[in-house]
Amino acid sequence: MKKISYAIVLLLALVLTTSCNDYETYSDMKEKERDAIERFIAKEGIQVISEETFKAQGYTTDLNSNQYVRFSRNGVYMQIVREGCGEILEENKKVNVLCRFYEKNIQTDSILVRNDTHAYLSTTTGSMDVSQYLDKMSVTRNGTTITASFLGGMMVQYHGSTSVPGGWLVPLNYVKIGRPENLDEETAKVRLIVPHSQGTADASSSVVPCFYEISYERVR
């Protein structure tokens, strides 16, 4: 009987030890996230610049040097591909903005969701009517504080939430949100590295950093 009891105790100890070894703390997950972002930056040949340099350059990032500015207050990295046409978002005015984008999990290097290609939408939805899958958000700016919610689109369908990731809103203080009227005008476009704390609820709960390429266009 003692031999059986001793064997049970050893088995329980082994199970507990294995469980402890498999358990990943939040600190461990954040370290993995930092490592993944650093590997991505190195792989893509990104030159990280400070907010001071970004300001000195007239709030622009040099595409030839593949520059991204890192914002210390939230850990978001941003590259402005196109400043866009029109004007900076007006104060205290609700504006509808159309977004074309793709979202990539940096840790797995896999596309999670996108609405920027007809081919992807037709494969995913079985339809070429892409208008209902383009992401529309309602945005309000109060000083440098911007709030927004999705009105519909692929982000809502994929993540099941109308909450706009904080990282998506960072560029709206620096790009122009207009609607092209002439052939020489283009919508604003940015690339972002977004840590979990500024990402979707899914990213936040899993501590996953994401890469985004997003264009913003004002909706009449």
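At 4% relative accessibility, C210 counts as buried. Keep in mind that what you're looking at is a predicted model.

**Cysteines**
- C99 is tucked away too: its relative accessible area is 0%, so it's buried.
- A disulfide is a covalent bond between the sulfur atoms of two cysteines.
- How many disulfides does the count come to? The count here is zero.

**Nonpolar cores**
- In soluble globular proteins, nonpolar side chains tend to be buried together.
- In this model, the largest nonpolar core has 37 residues. The ones with the most contacts inside that core are M137, W168, L172, L192, I214 and Y216.
- Which residues does W168 touch, once you leave aside its neighbours within four places in sequence? W168 is in contact with C99, F101, M137, F150, M155, L192, Y212, I214 and Y216. So one of its partners is C99, the cysteine with a relative accessible area of 0%.

**The largest pocket**
- The largest pocket has a volume of about 220 Å³.
- Its lining is made up of Y26, K30, E33, R34, I37, E38, R70, G75, Y77, P195, H196 and S197.
- Which helix gives the largest share of that lining? It's α2 (residues 26–44), with six residues.
- Sorted by class, the lining has five charged, four nonpolar and three polar residues.

**Positive phi angles**
- N92 isn't a glycine, yet its phi is positive, near 50 degrees. You'll find N92 in the loop between β3 (77–82) and β4 (95–105).
- Is N92 buried or exposed? With a relative accessible area of 56%, N92 is exposed, because the cut-off for that label is over 50%.
- D109 is another residue other than glycine with a positive phi, near 55 degrees. Look for D109 in the loop between β4 and β5 (110–114).
- D109 has a relative accessible area of 41%, so it counts as partly exposed.

Definitions and conventions:
Residues are numbered from 1 along each chain as its sequence is written. This is a predicted model: local features need pLDDT of at least 70, side-chain atom pairs count only at pLDDT 80 or more; totals for chains, interfaces and linings use all residues. Side-chain values use heavy atoms; hydrogens and water are left out. A disulfide is a pair of cysteine sulfur atoms within 2.5 Å. Buried means under 20% relative accessible area, exposed over 50%, partly exposed in between (1.4 Å probe, protein chains only). On a 1 Å grid over the protein atoms alone, a cavity is a set of points where a 1.4 Å probe fits but cannot get out, and a pocket is an open set with protein on both sides within 12 Å along at least five of seven lines; lining residues have an atom within 4 Å of a point. Grid points are joined across faces, edges and corners, and a volume is the space filled by probe spheres set on the points. Helices (H or I, at least four residues) and strands (E, at least two) are DSSP runs, numbered from the N terminus. Ala, Val, Leu, Ile, Met, Phe, Trp, Tyr, Cys and Pro count as nonpolar, Asp, Glu, Lys and Arg as charged, and the others, Gly among them, as polar. A nonpolar core is a set of buried Ala, Val, Leu, Ile, Met, Phe, Trp, Tyr and Cys residues joined through side-chain atoms within 4.5 Å. Contact means heavy atoms within 4.5 Å.
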